[in-house]
Amino acid sequence: MVWQIICNFAHHFVLTMKEVALHKVKFVTLGCKLNFSESATIGQQLRERGVATTVKGDDECPDICVVNTCSVTALADRKCRQSIRNLIRRYPDALVVVTGCYAQLQGKNIAEIPGVDIVLGNEQKGEVVDYIEQWLSNKRDTLAVTPHKDIRRFSPSCECGDRTRYFLKVQDGCDYYCSYCTIPLARGRSRSGTIASLVEQAQDVARRGGKEIVITGVNIGDFGKNTGEHFLDLLKALDSVEGIERYRISSIEPDLLDDEVIDWCATSRAFMPHFHIPLQCGNDEVLRLMRRHYTRDLFATKVEHIHRVIPHAFIGVDVMVGTRGETPEYFDDSLQFIASLGVQHLHVFPYSERPGTQALRIPYIVPKAERDARVARMMELSDRRQREFVERYLGTERPVLFEQPPAGSDVMHGFTDNYIRVNAPYRKHLVNTVVPVLLGNTINDDLSVDINN
């Protein structure tokens with residue numbers, strides 16, 4: 001069943017965007033790499049219908065505004081509301097479309113905001129263009145949100161937008177109901193594309209000249225539950241695509257990161273020495289309260305295994321602080337454990353109360369000021385570890401893929417195979433090219449390095 005206010009029209013009654021002279025679309029994408037990939041795909045579909053995407057610095061008012069929302073925290077919800085209202089205020093004549101996780105969870109509330117024309121849940125995200133054309137036909141506000149338990153569709157997505165690296169969506173949804181998280185309610189059950197279809201998309205990227213693909217999804221280690229295929233087989237198939245020089249695995253749960261995957265990445269042709277693994281907390285009691293599927297010892301063995309077979313690997317880790325039940329003693333234990341790991345970067349964020357989650361039943365509440373203080377302590381550790389990692393490679397030569405800089409910039413950047421950010425003077429011929437570079441001898445404030453000329 002779909003909650004919707006919508007009129008169905010025969011195909012020949014639907015007006016095209018060209019017929020009503022829509023020329024520009026502006027995207028506001030909040031949240032994860034998966035959202036970025038999906039927004040880029042929608043943008044490509046609109047371009048095929050003659051609607052260009054605005055770029056930074058473009059003063060022309062858009063005809064359409066698309067907000068692809070996130071709802072991972074209360075702060076994300078607030079940013080979504082602010083973005084929607086700001087767009088309506090700045091572009092009162094534009095058609096406003098809101099989709100994504102916040103739209104999935106709070107669709108009715110969003111639809112009541114004056115100026116919002118179309119609200120679509122995650123099941124409908126792949127049909128944004130069709131809904132826009134239908135709206136052009138009848139000018140009726142539309143709310144279409146499928147309940148999460150009924151979400152079944154896997155909408156393919158593989159685009160780069162205005163960036164250089166492509167983001168390939170291989171999986172969607174999540175069957176892990178962690179106590180603090182609303183993602184299963186926003187994205188539905190785990191589902192994947194087939195290996196054959198994903199390889200075909202990678203081949204298309206190669207034909208378009210793409211050199212690097214980031215593999216993304218909600219829980220990519222769960223790949224293949226609906227197709228009977230396996231994540232490692234997907235990696236092997238993608239590695240064989242000619243023309244793609246680099247792959248990165250965006251994020252994978254520690255209990256789903258098999259040793260076989262690590263060992264294979266160590267000897268693969270194109271998979272980079274770069275892993276991102278969610279930990280969330282380094283204390284086992286808090287992990288139990290979070291309803292995570294592993295212990296900290298298991299996490300430590302994964303990190304040790306990576307460094308044993310890929311010594312130069314960059315490892316990023318998600319850490320949540322201040323969750324319900326995280327006493328000061330538990331936090332200190334978590335910090336000490338994380339400091340003992342050989343990881344290079346922490347993506348740290350404070351716990352946020354989410355309606356309908358099991359965590360709200362946990363009695364111990366960490367005050368907001370204390371959560372913020374814990375974030376600062378974790379970030380201090382993260383900066384120190386990342387700086388130590390970068391310092392190891394100063395003055396050495398590493399392969400770098402340079403990316404297209406913002407319009408008008410005289411500085412470009414790229415990343416080494418092991419994810420060190422490198423800055424260089426803009427040289428057009430180097431964009432989307434992997435070249436060996438000699439890294440500078442100093443680290444900038446943003447923990448990047450310059451090229452030694």
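Helix axes are lines fitted to C-alpha atoms over the stretch in contact, and angles between N-to-C directions run from 0 to 180 degrees. The model is predicted, so that local features need pLDDT of at least 70 and side-chain atom pairs count only at pLDDT 80 or more, whereas totals for chains, interfaces and linings use all residues. Residues are numbered from 1 along each chain as its sequence is written, and side-chain values use heavy atoms, with hydrogens and water left out.

**Figure 1. Packing of helix α1 against helix α4.** Helices (DSSP H or I, at least four residues) and strands (DSSP E, at least two) are numbered from the N terminus. Helix α1 (residues 33-47) and helix α4 (residues 128-138) meet at an angle of about 50°, and their axes are 9 Å apart. The pair is therefore oblique, the class left once angles under 35 degrees (roughly parallel), over 145 (roughly antiparallel) and 65 to 115 (roughly perpendicular) are set aside. Ile42, Gln45 and Leu46 of α1 make the contact (heavy atoms within 4.5 Å) with Val128, Val129 and Ile132 of α4. These residues comprise 5 nonpolar, 1 polar and no charged; Ala, Val, Leu, Ile, Met, Phe, Trp, Tyr, Cys and Pro count as nonpolar, Asp, Glu, Lys and Arg as charged, and the others, Gly among them, as polar.

**Figure 2. Burial of helix α4 and the residue after it.** Of the 11 residues in α4, 9 are buried. Buried denotes under 20% relative accessible area, exposed over 50%, and partly exposed the range in between (1.4 Å probe, protein chains only). Among the buried residues are Tyr131, Glu133, Trp135 and Asn138. Lys139 follows α4 and has a positive phi, near 60°.

Figure 3. Beyond four places in sequence, Asp172 touches residues including Glu38, Phe154, Arg189 and Val218.

Figure 4. Apart from neighbours within four places in sequence, Phe231 is in contact with Ile220, Phe223, Ile249, Ile252 and Val261.

**Figure 5. Loop residues Tyr419, Asn432 and Leu447.** Tyr419 is placed in the loop between β18 (411-416) and β19 (421-425). With a relative accessible area of 22%, Tyr419 is partly exposed. Excluding residues up to four places away in sequence, Tyr419 touches Arg165, Arg248, His274 and Phe314. Asn432, in the loop between β19 and β20 (434-443), has a positive phi of about 60° although it is not a glycine. Leu447 lies in the loop between β20 and β21 (449-451), and its phi is also positive, at about 65°. Leu447 is buried, with a relative accessible area of 9%.
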